[in-house]
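Biologist: Walk me through the labels on this model. I want the criterion behind each one.

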Amino acid sequence: MKSLKLDHELAELVRAGKKTSTWRLYDDKDIRVGDTLELVDKVEAGNPNTWKIIGTAKVSSVLEKQLRDINHDDMSPGDYFASQAVMLKDFQRYYGPQVTLDTPVKIVHFSFEEQGKVASDVVRTTSPIKELKLYADGGSRGNPGPSASGFVLMDMDNTIVVKTGVYLGITTNNQAEYQALKLALEEALRLGARDVHVYMDSLLVVNQMLGIFKVKNRDLWPIHDAIEAIKPRFHRISFTHVPRELNKLADAAVNEALDAAEKAQKARS
């Protein structure tokens, strides 16, 4: 399946239903009517570890013209430019000074189907939960390959508050493990938790978060740093390594997300 990477601002507009088209210069993917595209949100453009698939787009029309020939009728409301000069300057900012009014552009219109969280059970609460147990896991079928993160948040009576699986796209197993921890901690903060007990079957992640192991893999540095930045927002956070059999719920969430993504891709093929 062809994929398109979107700036975060554009991705948010697509998810909100406010944007159903994209302009493509130097279209190396040869996008055509009827294609199904995988849309990727570049949450932090310079940090691929944050990129995530937000859903699929079914191409309904493709208009190809030179930039100088684009007129008001060709544009969607969100694409309007004050002048041709403003339009040219905007594209040169993204693609470089080699862009001229003679450069061809494709305006691709599509219908969007959000993917997002594919396995989620949330128990609503009327007041913040101050203390939580956090079980997190990640998996990659191929390493690197199709990957997902899963986590479960429980109160101190072992009642499930949140169980979620998130499909990540192509990453490594370790990246998926770290993403699971980051997503779970962010959710714990949203729930109002201030004391969190983390349980993971990844000895690598647990020991790196405890400072016992150094983070030698450069690809893990950004997400490890992001989690370190989250930690001070809690009053207390602990990390405990557990055997895989004690992390079955988070592991199940990972596989549910992977299975759902695989099923969705087969349905689109």
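Modeller: Two strands pair if DSSP finds at least two bridges between them. Helices (H or I, at least four residues) and strands (E, at least two) are DSSP runs, numbered from the N terminus. This is a predicted model: local features need pLDDT of at least 70, side-chain atom pairs count only at pLDDT 80 or more, and totals for chains, interfaces and linings use all residues. Residues are numbered from 1 along each chain as its sequence is written, and side-chain values use heavy atoms, with hydrogens and water left out.

Biologist: What is the order of the strands in the open sheet?

Modeller: The order is S1-S3-S4-S5-S2, five strands with mixed pairing. S1 (2-7) and S2 stand at the edges because each has a single partner strand, so one side of each lacks a neighbour in the sheet.

Biologist: How do you know that S4 and S5 pair?

Modeller: Strand S4 (residues 52-66) and strand S5 (residues 104-114) share eleven bridges, in the antiparallel sense; the definition asks for at least two. So they pair. Ser-61, for one, has His-109 in S5 as its bridge partner.

Biologist: Which residues of H2 are buried?

Modeller: Met-87, Leu-88 and Phe-91. Buried means under 20% relative accessible area, exposed over 50%, partly exposed in between (1.4 Å probe, protein chains only). Exposed Ala-85, Lys-89 and Arg-93 sit on the face turned away from the buried side of H2.
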